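Work through these exercises with the sequence and the 3D structure side by side. Try each task before you read its solution.

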Amino acid sequence: MAQHRRRDVLKSGGVAAAAVMVPFAGTEQAAAAPDAPQAAQPRAVADLTLSVNGTRHRLPGVEARVTLLDALREQAGLTGTKKGCDRGECGACTVLVDGRRVKSCLTLAVMQEGRSITTIEGLARNEELHPVQEAFVRRDALQCGICTPGQIMSAVACIEEGHTGSEDEIREWMSGNLCRCSCYPNIVDAVADAAKVMRR
Amino acid sequence: MSTDVVGRPLSRVEARLKVTGGAEYTSDIQLPRLAHAFMAMSTVSRGRITRIDTQAAEAVRGVVAVYTHETMPRLKQPTYRPFFKPYIPIQSPDVHHAGQPIAFVVAQTLEQAQRAAELIEVDYEETGEPQGELDMGEAFLPPDGPDGPNTYKRGDVAAGMAQADVRIKAEYTIPMHHHNPIEPHATTAVWEGSKVTVYETTQGLGNTQHVVSEALQVPLGDVRVVCRHLGGGFGSKGPVWPHTVLTCAAARALGRPVKLVLSRAHMYTSSGHRAQTHQTIELGAHRDGRITALDHVITQQITRDDVVLFNSSEPIRMLYDIPNLSNEQRAVRLDLPTQSFMRSPEACTSHAQEAALDELAHALAMDPVELRKRNWSSRNMDNGQEWGSNHLRECYDRAASMFGWSRRDPRPGSMRDGDELVGWGMATSAHTAGGRPGSGARITIGTDGKVLVQVGTQDIGTGTYTIMTQIAGEVLGMPLSAITFDLGDSAFPQSYTSGASTTAPGVGSAVKRVCTAARRAVIDLAVAQPGSPLRGVPADRVDTADGHLYDTANRRSRVSYRSVVGHGGKPLDFTVEPTPTPLGYSVGAVFVEVRVDPLLGRVRVTRVVGCYDPGTVLNRKTARSQVLGGVIWGIGFTLFEHTLVDPATARIVNPNLSGYLMPVNADVPDIQVQFIDRPDPASDALGARGFGETPMTGVTAAIANAVFHATGKRVRDLPITQDKLL
């Protein structure tokens, strides 16, 4: 990975054209110690426009190494999406990208331009909760609440995918989202409830 | 006083915020000029830094500062517990364990700080061979600590063993565990002049306040700590850890807000863990099952620099009516980070005791439920005092009946379903609750009739916001929609750490007391107020319900809180001071079914039934969720969880969530929960005891006992992994 230039990596992801890559005009290259490992130095920033919850967010000067998760939280100000492990193990950062569930810590922000991103902030319609949100409240499918946005986004996709045929199937397809408070049985109940509402 | 608010399965009052992404956790807080910090950690376990080169790190674009032990502002070693470490890192070249902070980087963005931390170059001189493995030959009896004596005796163990018809002796080992809340520890420090606001992931606002005050030499009143929502703690966020004071120091030195969020890997060496333990237990009993003697030694890891050791032997000392008993808590020094308390600290000794009781029941050819009933005690056997209430025997009966225990064939390996071996096991759940300093509380009833109750406590996911709202509604006789319960700010009346199952009884008592005082004052006002329908009615004849005061002798004579306080013309304010929370004991009985694949050794928990006595159930929904959490933690403890240490280097090799296995949804069986739900007369919180830590206990041994019943194999070394059953 360190041998690749990031530009190449981005191209192979097929989205480099969407982002305007510019070399750092700043001080890093000039000031970096000559023996610093150059291959690992970030080389570019991009002015991005991300479509999140139907709103276009202009994010100027996003470094190529910034994950979608950190761009959402630190730059778009959408902190409903949570960081639990930053390496795809816990699922707290789950969002929908073009309707698919994606762990936003495992994808770069610059790869998501032109796609439709949905986060936890985008589910409710004004005052009306999404059926999954409503079911999580009623079934007490949350305790501390930190994994809850990821669980809910995953549940929305799980239902859309049609993986709610039985409690065992829900358990299996919701197992990518850890809940350390361990509300799992209540999460299964909430997903089953919401699936019924959403199929009506 | 209303009678139907407490106990209702009310949905969490903050749930809407949590399902919409609107609940603001510590690391969500956005501030102008906020700088991001990241720490570099030591790679050796025992040594000293001889050279640290920050030149490349400082050259990274956006880096604001790189602090090492040579440049970090000096901090005073805190004496306030729970600050457990006997040193603050990045103050000297000494390295006490791998994964100790050795540099603190601050940059404009998180990515810049992380990158710069990677570029710091360090040379170490190693000062000894690291010890990462529990060597029982090095066990010693440490001096008694703040948590009580490490030795305990009653009666005459040798004589008791001599009287016994049957004796068993066994060794149990449990590895190191990590709390792993999904929310990493985070601190954001903001200075305004000489005052600091610390947004902190904490289970104890006061702990952070005291330690920051001491370490940074700031008056206590100039430190404000805020934590409105906590993304899980499980004990790890009860103590104060060095990264908090380091962040405050960097923010002060730089004159701008600094935010530090630990990485998942950092959390394995920065915020405590459940110590690895080794236990020996010997039991003697008469043929009729009455236990004559118990001899127990628990040995746990501590560090080379400190003796942080908690008394977790309460189940041994307190639970059963055993006349002759010896208990000793020993320690072995390792080159690992400081241990701390983790959800249900008594689970370790409970596991050994409840597994040994199953071995004894087998040796006696006696039903394990019957054996426990014959040794039941209504007293705290540690000090001989009667518990306020203890309905454990009823828990055994109800859970056994729900489970269908009478259909169990006691012979190991006797119950099969197709190719699978089926095992049924049971154990007692028991955990102390409370027995800690209590809580203050403040109430304001506005002229609009709205109520605000404030306590400097925390909601760690247990439901504090909700149950305290319910207690206030119950005591005041007020609809819950008129009540706001606020927490998470050290500016509110002081409260104890959210831990040791002390929040429900401690904060609950404070809310009850302050609401009782306010209600009485409103009644006194109403019976004296000119024009009031209650004017002249004796105050003790007035009751409250649905936001109104009424004459119990003439129910049509009523007036609203809003009207009384409104006519008074100014809000009513009351504050109560903390009173200590009595020590309670919340108990239960848990029954487990496992299925074991005999060819693969794979264990699945397929059914759990528990019945519990927590005193009054304040909210059936959140109390049930506490049980689900505890039971599932018990499954992880027994079958999966294990922090692996490389014995040669004393480094943790699985500091992540893929190598450290915790239960996922697919691991979780059907769990049935019942409560006795009878008030404990010794409680000052409407009969409620603390309860959060009880349900994890018992499950662990019940699973191990069920595995024995299924397979005939006693696996005494946790976790029970497949290799141990083949």
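**Exercise 1. State what percentage of the 200 residues in chain A is buried, then describe the pattern of chain A.**

Step 1. Start with the term: a residue is buried if 20 or more other C-beta atoms lie within 10 Å of its own, exposed if 12 or fewer, and partly exposed in between, with C-beta atoms placed from the backbone. By this test, buried residues make up 54% of the 200 residues in chain A.

Step 2. Know the source. This is a predicted model: local features need pLDDT of at least 70, side-chain atom pairs count only at pLDDT 80 or more, and totals for chains, interfaces and linings use all residues. Residues are numbered from 1 along each chain as its sequence is written, while chains are lettered from A and ligands numbered from 1 in the order in which they are written.

Step 3. Count the elements. Helices (H or I, at least four residues) and strands (E, at least two) are DSSP runs, numbered from the N terminus. Chain A has seven helices and six strands. Along the sequence they run α-β-α-β-β-α-β-β-β-α-α-α-α.

**Exercise 2. Describe how α4(A) packs with α7(A).**

Step 1. Find the helices: α4 covers residues 131-138 of chain A, and α7 covers residues 184-199 of chain A.

Step 2. Read the geometry. Axes are lines fitted to C-alpha atoms, for helices over the stretch in contact, and angles run from 0 to 180 degrees between N-to-C directions. The angle here is about 145 degrees, and the axes are 8 Å apart.

Step 3. List the contact (C-beta atoms, placed from the backbone, within 7 Å). From α4(A) come P131(A), V132(A), A135(A) and F136(A). From α7(A) come A190(A), D193(A), A194(A), V197(A) and M198(A).

Step 4. Sort these residues. Ala, Val, Leu, Ile, Met, Phe, Trp, Tyr, Cys and Pro count as nonpolar, Asp, Glu, Lys and Arg as charged, and the others, Gly among them, as polar.

**Exercise 3. How many residues does each chain bring to the contact between chains A and B, and which element of chain A gives the most?**

Step 1. Chain A brings 56 residues and chain B brings 50.

Step 2. On the side of chain A, α7(A) gives the most, with five residues.

Step 3. That side divides into 28 nonpolar, 14 polar and 14 charged residues.

**Exercise 4. Is A688(B) buried or exposed, and where does it sit?**

Step 1. A688(B) lies in the loop between β31 and α16 of chain B.

Step 2. A688(B) counts as buried because it has 30 C-beta neighbours inside 10 Å.

Step 3. Leaving out residues up to four places away in sequence, A688(B) touches several residues, among them A504(B), P505(B) and G508(B).

How values were computed. Two residues are in contact if their C-beta atoms, placed from the backbone, lie within 7 Å.
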